Amino acid sequence: MDLTFNSKTIEFHNQSFKILLQNENGPCALVALVNLLILSSNHAKYSRDITRLIQGEKQVKLHEILQALADIAINMTTGSDKLENIDHLLLMLPDLHKGLNVNPKFNGEFGESNQETNELFDVFKVRLVHGWIMDSIYNGELSNLSYEDAQDLLTKATDLDRDDKDLQCVNDTEEDEKEKIIKNANALTQFLTTTATQLTQIGLLHLNETIREDEFTILFR
């Protein structure tokens, strides 16, 4: 059964736009991308088909949305800007409504495992951003970690607490290194607990400084 998405009309910059709605809670990069293409004046010449599709129906079928996005992606990567792996990236489109692999780093960047997701948004000339940032003054080492790195560190600290001897046999970790791991894990746990909304004050400042006034971006949160 083909999924459907509802739509509604909003007022934005004194104009009426019909945007896509998310039917269920959870990650949905599809809705974010479609609405960005509709609202962004910088994408207007490419987004006519998706705009007409949303305008014409109260409910829009998933396969129609994906086809419109595929056509836009192809049109935006012609000529010298053509990507060799466009076919591979188009295969990622069906996963947009399920959620993508996003691995934010606590310095405002994204981890290496985020490359495919970044490449997909690059096709549409859209930036993925986030504001889950740790002040490097607080801990410069931890601020360079990604979320996946953080989980690895916490797991390592848990193993250390549970069975110090086993960890010694596996990693041959010296005592000072063990203390450092536990100290960093405690600091990291405190950061993750106090920033459960995945947005920090320094992150908001970063977004304010790096997003242009006329730029539309997709915010990971």
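Leaving aside neighbours within four places in sequence, which residues is Ile-65 in contact with?

**View 1. Ile-65 and its contacts in the predicted model.** In this predicted model, and with neighbours within four places in sequence set aside, Ile-65 is in contact with Phe-5, Leu-20, Leu-30, Val-34, Ile-50, Leu-53 and Val-60.

**View 2. The largest nonpolar core and a second, separate one.** The largest nonpolar core has 39 residues, and those with the most contacts inside it are Leu-30, Leu-33, Val-34, Ile-50, Ile-65, Leu-69 and Phe-124. Two or more residues of this core come from each of strand E2 (15-20), helix H1 (29-39), helix H2 (48-56), helix H3 (62-76), helix H4 (86-92) and helix H5 (115-123).

**View 3. The aromatic pair of Phe-12 and Phe-216.** The structure holds five aromatic pairs, and in one of them the rings of Phe-12 and Phe-216 have their centres 5.9 Å apart and their planes at 65°, so this pair is edge-to-face. Because Phe-12 lies in strand E1 (residues 4-12) and Phe-216 in the loop between helix H10 (201-210) and strand E5 (217-220), the pair ties together parts that are 204 residues apart in sequence. Phe-12, at 24% relative accessibility, counts as partly exposed, and Phe-216, at 23% relative accessibility, counts as partly exposed as well.

**View 4. The aromatic pair of Trp-132 and Tyr-147.** The ring centres of Trp-132 and Tyr-147 lie 5.7 Å apart with the planes at 35°, so this pair is tilted. It links distant parts of the chain, with Trp-132 in the loop between strand E4 (127-130) and helix H6 (140-143) and Tyr-147 in helix H7 (residues 147-162), 15 residues apart. Trp-132 counts as buried at 4% relative accessibility, whereas Tyr-147, at 33% relative accessibility, counts as partly exposed. Both residues belong to one aromatic cluster, which is formed by Phe-106, Trp-132, Tyr-147 and Phe-191.

**View 5. Lys-105, a buried residue with no salt bridge.** Lys-105 lies in the loop between H4 and H5. Although Lys-105 is buried, it has no salt bridge, and the nearest side chain of opposite charge, that of Glu-109, is 4.1 Å away; a salt bridge would need a side-chain nitrogen of Lys or Arg within 4 Å of a carboxyl oxygen of Asp or Glu. With neighbours within four places in sequence left aside, Lys-105 is in contact with Phe-110, Gly-111, His-130, Trp-132, Asn-144, Leu-145 and Ser-146.

How values were computed. Residues are numbered from 1 along each chain as its sequence is written. This is a predicted model: local features need pLDDT of at least 70, side-chain atom pairs count only at pLDDT 80 or more; totals for chains, interfaces and linings use all residues. Side-chain values use heavy atoms; hydrogens and water are left out. A nonpolar core is a set of buried Ala, Val, Leu, Ile, Met, Phe, Trp, Tyr and Cys residues joined through side-chain atoms within 4.5 Å. Buried means under 20% relative accessible area, exposed over 50%, partly exposed in between (1.4 Å probe, protein chains only). Helices (H or I, at least four residues) and strands (E, at least two) are DSSP runs, numbered from the N terminus. Contact means heavy atoms within 4.5 Å. Rings of Phe, Tyr and Trp (its six-membered ring) pair if their centres lie within 6.5 Å; planes under 30 degrees apart count as stacked, over 60 as edge-to-face and the rest as tilted. Lys and Arg count as positive and Asp and Glu as negative; His and the chain ends are not counted.
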